Amino acid sequence: MEKKQSANSDFVVIKAEDDGVNVIGLTRGTDTRFHHSEKLDYGEVMIAQFTEHTSAIKVRGQATIMTAFGELKSEKKS
């Protein structure tokens, strides 16, 4: 049996480069709302997935973010 993968099931890997990195999931639909948040400390890694409920992921703090499109770094607020 072949497993069907939907177009919105992309994974994102977030690695905290500092303590207190916030990862926030935002909902789909007419009203965008926060539906989940996690706090990562230095060295912790989170693997997140876009789903039928999650349309965006916000990263606040210093982290490395790895996607199918490449790697980028978020910056600490100065």
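This report walks through a predicted model of one protein chain, from its overall make-up to a few residues.

## Ground rules

Local features need pLDDT of at least 70 and side-chain atom pairs count only at pLDDT 80 or more, while totals for chains, interfaces and linings use all residues. Residues are numbered from 1 along each chain as its sequence is written, and side-chain values use heavy atoms, with hydrogens and water left out.

## The chain as a whole

The protein chain has seven strands and zero helices, so reading along the sequence gives β-β-β-β-β-β-β (strands are DSSP E runs of at least two residues, helices H or I runs of at least four, numbered from the N terminus).

Of the 78 residues, 24% are buried (under 20% relative accessible area; over 50% is exposed, and in between is partly exposed, with a 1.4 Å probe and protein chains only). Take the contacts between residues at least 6 apart in sequence: 59% of them join residues at least 24 apart (a contact means heavy atoms within 4.5 Å).

Strands β2 (residues 21-27) and β3 (residues 34-40) pair in the antiparallel sense over six bridges (pairing takes at least two DSSP bridges between two strands). Val23, for instance, has Glu38 in β3 as its bridge partner. Six residues sit between the two strands of this hairpin, and Gly29 in the turn has a positive phi of about 110°.

## Thr27 and Arg33

Thr27 belongs to β2 and counts as buried because its relative accessible area is 18%. Setting aside neighbours within four places in sequence, Thr27 touches Thr32, Arg33, His35, His53 and Ser55.

Arg33 is in the loop between β2 and β3, and its 52% relative accessible area makes it exposed. With neighbours within four places again left out, Arg33 is in contact with Gly25, Leu26 and Thr27. Its C-alpha atom is 9.9 Å from that of Ala56, 23 residues away along the chain.

## A nonpolar patch

Phe11, Val45 and Ile47 make a nonpolar surface patch of about 310 Å² (patch residues have over 30% relative accessible area and no salt bridge; nonpolar side chains, meaning Val, Leu, Ile, Met, Phe, Trp or Tyr, are joined within 5 Å, like charges within 9 Å). A salt bridge here is a Lys or Arg side-chain nitrogen within 4 Å of an Asp or Glu carboxyl oxygen. Ile47 lies in strand β4 (residues 45-49) and is exposed, at 60% relative accessibility.

Terms used. Accessible areas come from the Shrake-Rupley method with a 1.4 Å probe; for residues, only the protein chains shown count as cover.
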